[in-house]
Amino acid sequence: MAAKLTRPLIYIILIAFSLFYLMPVYVLVITSLKPFDQVSLDTMWQLPQTLDFSSYQTAFSKLAPNLMNSFYLVIPATILSALLGSLNGYVLSKWKFKGSEIVFTVILFGMFIPYQSILIPLIVFLRSIGLYNSIPGLIFTHVVYGLPITTLMFRNFYASIPNPMIESAKIDGANFLKIYGKIMLPLSLTGFIVVAIWQFTNIWNEFLFAVSLTQSDQQPVMVALQNLAGSQVVQWNVQMAGALLAALPTLIVYILLGKFFVRGLLAGSVKG
Amino acid sequence: MNRVSSDRIWSLVFILPSLLLIGIFVYGFISWTGYVSFSNWRSLIPDYSFDGLSNYISLFKDFRFQSDIRNTIFFTILFIGFVALIGQLLAILIDQKIKAESLFRNIFLFPMALSFVVTGVIWQWLLNPSTGVNLLLEKFGIKPLWYVSTDVIPALPIGKIEFGIPVALVAIVIAAVWQMTGFSLAMYLAGLRGIPEELKEAARIDGASEWKVYFKIILPQLRPITMSVVIVMAHISLKIFDLIYAMTGPGANFVTDVPALYMFEKTFRANDYAGGSAIAIILLVSVAIFIIPYLFVNRRED
């Protein structure tokens, strides 16, 4: 009975919070669809009088090269860091050695370090090997500092593959590589999807490395979006259109593969 | 026998590259930064000569860095508090076998797919002092200045700064909470789903009220989740950079400045590499204080 009475209250609270969480999206979309002269502070809540896509045109022409940079960065970086994470996860879950738990903890700590604490040596290093201000340099950076999280995710994923399966394969004469190739990899598809989504989203959205390791034409889209605001008159409609364009790839991933996104989120929170 | 050892070698071959990379790029580079923080490298020309603690000492005497510490303390408390509370509230409501569960879940989770830069750009517009949310609030006679305010309340003079909550920081808390609530919601929801139904039913049959079931059964079971949420949010909050960079920058009187932002500007705008390194090391130590005990406790439970 008590539970029944509170039903409407539950929905009222949830809907109120939903409106608050959706409000920025509403403002983002309507502002981006207004021509510049209609974007004024006191009409910001009103729907546009006429649909105007010119701000998308402007934003796209400014951001297109950087969007491409982001794709050139994210795709190889995601693939490479998933592969390395899978190798590490396999060893740390199925081929434990003396001290492997400590090794794992030592790797895991890398996930939490503020990247400021390695940034200056990183720049010196990338300069010395000629990869500073280049997409390959950023790819390398993201693969290295993505190792802790991808290792953690694959280790947790492989832990769910039953050990007796590995044992019986060993008895049948399968060696380390065969077990990886014939058992682990074929069973890893979901693991790879979860890790790939997580890395794709994180690398796409990353800002500190992008802003300190690249300049102008090498910059990924998040830095370019931030620079859109740098001009004298802030064209809010263009800013909003740009924000939407820059957010679109990860939003699409989230909408299409939300289930895996959440799984990655939970796996990334160091539970287990 | 022979095969076992060749498997061992293969497992080493698999993991060795990653271990080397982590060893050099995480631990090696941290040591390097640590050394720079004790050096005289304060211009574009590297100078690794030893200068003791002077970079640290001048930081703690610095008005801007003192403001950073204050801002970090209040940002962390407000941010973690709201993310944990709202996330838990929403998770409990969503867990009540409601209709359109996945719709609600998705609404609260989607900001997590955005970057802090996008969030900053949107909320900068929303919380602009003369627009947005404020037009609504003005109808109730409230006129907040949000992120341009330089007020600190309550202002208690400590060192060179006024100690209290900078009003402008609240704007950033709102944006950050908006973005990260989904994380704690997902964590709590997973936790709630893990509590056996029989446990709650048994209590209800014994005549416990819903409140009692919540406080005596559900909350204690969620404690480890709260622990994880606090740890993860604390480390995000301590090193937050992009949201503030995109939304307000350091702010007038440094009311929205944070150590990560100061580190960036000190290093790359002022070319004070030693000073920047010192901030970075302070950041690292503050994160490590939270994370290292947590990692070891978590490992042992495994």
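A salt bridge is taken here as a side-chain nitrogen of Lys or Arg within 4 Å of a carboxyl oxygen of Asp or Glu. This is a predicted model, in which local features need pLDDT of at least 70 and side-chain atom pairs count only at pLDDT 80 or more, while totals for chains, interfaces and linings use all residues. Residues are numbered from 1 along each chain as its sequence is written, chains are lettered from A and ligands numbered from 1 in the order in which they are written, and side-chain values use heavy atoms, with hydrogens and water left out.

**Stop 1: a salt bridge in chain B**

Select B:Asp95 and B:Arg193, whose side chains meet in a salt bridge with an N to O distance of 2.8 Å. The two residues are 98 apart and link distant parts of the chain: B:Asp95 sits in the loop between helix H3 (63-94) and helix H4 (101-109) of chain B, and B:Arg193 belongs to helix H7 (residues 167-194) of chain B. Over all chains, the rule counts 13 salt bridges.

Remain in the loop between H3 and H4 of chain B and select B:Ala100. B:Ala100 is not a glycine, yet its phi is positive, at about 55 degrees.

**Stop 2: the whole of chain B**

Helices (H or I, at least four residues) and strands (E, at least two) are DSSP runs numbered from the N terminus. Read from the N terminus, the order of elements in chain B is α-α-α-α-α-α-β-β-α-α-α-α-α-α. The C-alpha trace of chain B spans about 80 × 75 × 30 Å along its principal axes.

**Stop 3**

Next, select residues 152-158 and 161-166 of chain B, which are strands E1 and E2; the strands run antiparallel and are joined by 5 bridges. Two strands pair if DSSP finds at least two bridges between them.

Which peptide bond joins B:Ile153 and B:Pro154, cis or trans? The bond is cis, with omega at about -20 degrees. B:Pro154 is part of strand E1 of chain B.

**Stop 4: around B:Glu265**

Move to helix H11 (residues 259-268) of chain B and pick B:Glu265. Setting aside neighbours within four places in sequence, B:Glu265 is in contact (heavy atoms within 4.5 Å) with B:Arg64, B:Pro250 and B:Ala270. The C-alpha atom of B:Glu265 is separated by 8.1 Å from that of B:Gly276, 11 residues away along the chain.

**Stop 5: the interface with chain A**

Display both chains: 91 residues of chain B are in contact with 93 residues of chain A. About 8600 Å² is buried between the two chains, 78% of it on carbon and sulfur atoms. Buried area is the accessible area (1.4 Å probe) that two parts lose on being put together, summed over both. On the chain B side, select B:Phe14, B:Trp125 and B:Arg299, which lose the most area to chain A and together make up 10% of what that side buries. Helix H1 (residues 2-37) of chain B supplies the largest share of the side touching chain A, with 18 residues.

By class, that side of chain B holds 64 nonpolar, 17 polar and 10 charged residues. Ala, Val, Leu, Ile, Met, Phe, Trp, Tyr, Cys and Pro count as nonpolar, Asp, Glu, Lys and Arg as charged, and the others, Gly among them, as polar. How many salt bridges are counted between chain B and chain A? The count is 0.

**Stop 6: confidence**

Finally, colour by pLDDT, the predictor's confidence in each residue, from 0 to 100. Chain B has a mean pLDDT of 90, with 93% of its residues at 70 or more. In chain B, confidence is lowest in helix H6 (residues 132-138), at a mean of 67, and highest in H11(B), at 97. Where pLDDT is low, the predicted coordinates should not be read in detail. For the complex, the predictor gives an ipTM of 0.92 and a pTM of 0.93.
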